Amino acid sequence: MPADFRAGFKKWMQGEGTMKRNLLCGLAELIGTALLVFLGCMGCVGSLGVAPPHVQISLTFGFVVSIVVQCIGHISQAHINPAVTMGAVVLGKKSILEALIYIVSQIIGGILGFGILKVVTPTEKLTAGTVEQADMFCVTDVHGSMSAIQGFLLEAIATGVLMLLVCSVWDVRNEKNTDSVPLKFGLTVAVLAMAVGPYTGCSINPARSFAPALWNNQWARHWIYWFGPIAGSLFSAFMYKTVFGVPDKVEEEPVPEAVALNSLESQKPEQS
């Protein structure tokens, strides 16, 4: 590798710029979504002597989200979800071009994550139950007794709850209450998965559903896991912005002690 190329690349990496920032954010989203799908779906494997119950699967996905938020939250805000990215556009946090970079990265990351899981797991063992169920492994689908509209509504509601949390965390009025943000997101995802999982699999993330569907070639009612989460996220973000507002900064209230000191200063007699 030529020395001038190495020097230029090093200078680019250490410098600042919109293109570099967008590419690094895209890379972070790719890695984060890959981890989400890889570790989350790995926690669903039930053919290696351990059959994980529903609560364990829900906690696995929740804690994986916590890990990812902690790892890349300071780089890209850890959307790892096209629905969240769409909500960020409504809130004015991301431009359409930035959103496209995020969404493409998330989709590619999910595909890579599930692909790596297939590489490290024997084909006949990549299943939550029997070998006959292998072609449906980690594929989200609506319960057989439910209609597609019911599934759509549940995915929209669950994602709306998640986006409401995102809006509150991103709100500058809440910037002093940001302790344990990764844990807050992780537990929220776990609770939603425990409640909504038996109904729809609780995807709340198009990239998470797309990767298993692509690798297993299972597209039955797949549209639910795109339109449901995105609709819920857009509605939640629009509602939050309209009702509560999204200020750019918070006006600091004067400290009582400072007010008292200023009043004393103004009452001092002028010396001739």
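Author: Gladly! Let us start with the record: the unreviewed UniProt entry marks residues 21–49, 55–75, 96–117, 149–170, 182–200 and 223–240 as "transmembrane region". Please keep in mind that the model is predicted.

Reader: What makes up the span 55–75 in the model, helix or strand?

Author: Residues 55–75 are 100% helix and 0% strand, and their end C-alpha atoms lie 31 Å apart. For residues 96–117 the figures are 100% helix and 0% strand, with 32 Å between the end C-alpha atoms.

Reader: Why is Thr33 called buried?

Author: Thr33 has 0% relative accessibility, and buried means under 20%, so Thr33 counts as buried. This residue sits in helix H2.

Reader: Ala207 brings us to helix H8. How do you know that H8 is mostly covered?

Author: Of the 11 residues in H8 (206–216), nine are buried. They are Pro206, Ala207, Arg208, Ser209, Phe210, Ala211, Pro212, Ala213 and Asn216. These buried residues pack against helices H2 (18–42), H3 (54–76), H4 (82–91), H5 (96–120) and H9 (224–243).

Reader: What makes Asn205 a cap for H8?

Author: A side-chain oxygen of Asn205 lies 3.0 Å from the backbone nitrogen of Ala207, at the N-terminal end of the helix. That distance of 3.0 Å meets the 3.5 Å cut-off for a polar contact.

Reader: And after H8, what is noted about the phi of Asn217?

Author: Asn217 follows H8, and its phi is near 55 degrees, a positive value in a residue other than glycine. This residue belongs to the loop between H8 and H9.

Reader: Is Asn217 buried or exposed?

Author: The relative accessible area of Asn217 is 56%, and exposed means over 50%, so Asn217 is exposed. Ala78, in the loop between H3 and H4, has a positive phi of about 50 degrees although it is not a glycine. With a relative accessible area of 10%, Ala78 is buried.

Reader: Which residues have the most contacts inside the largest nonpolar core?

Author: This core has 42 residues, and those with the most contacts inside it are Cys41, Phe114, Phe137, Leu162, Met163, Trp170 and Phe185. At least two core residues come from each of H2, H3, H4, H5, H6 (148–170), H7 (181–200) and H9. H6 gives the most, with eight residues.

Reader: What does Met163 touch beyond its neighbours within four places in sequence?

Author: Met163 is in contact with Val84, Gly87, Ala88, Leu91, Trp170, Ser233, Ser236 and Ala237.

Reader: Finally, how do you know where empty space is left?

Author: A probe the size of a water molecule is rolled over the atoms, and this shows where space remains. Here the largest pocket has a volume of about 1,100 Å³. Of its 45 lining residues, the closest to the centre are Phe61, Gly201, Cys202, Ser203 and Arg208. H3, H6 and H7 each supply at least two residues of the lining, and the largest share, nine residues, comes from H3.

Terms used:
Residues are numbered from 1 along each chain as its sequence is written. This is a predicted model: local features need pLDDT of at least 70, side-chain atom pairs count only at pLDDT 80 or more; totals for chains, interfaces and linings use all residues. Side-chain values use heavy atoms; hydrogens and water are left out. Buried means under 20% relative accessible area, exposed over 50%, partly exposed in between (1.4 Å probe, protein chains only). Helices (H or I, at least four residues) and strands (E, at least two) are DSSP runs, numbered from the N terminus. Contact means heavy atoms within 4.5 Å. A polar contact is a pair of N or O atoms within 3.5 Å; within protein, one must be able to donate a hydrogen and the other to accept it, and residues adjacent in sequence count only if both atoms are side-chain atoms. A nonpolar core is a set of buried Ala, Val, Leu, Ile, Met, Phe, Trp, Tyr and Cys residues joined through side-chain atoms within 4.5 Å. UniProt positions are given in the numbering used here, feature names are shortened, and annotations may be inferred rather than shown by experiment. On a 1 Å grid over the protein atoms alone, a cavity is a set of points where a 1.4 Å probe fits but cannot get out, and a pocket is an open set with protein on both sides within 12 Å along at least five of seven lines; lining residues have an atom within 4 Å of a point. Grid points are joined across faces, edges and corners, and a volume is the space filled by probe spheres set on the points.
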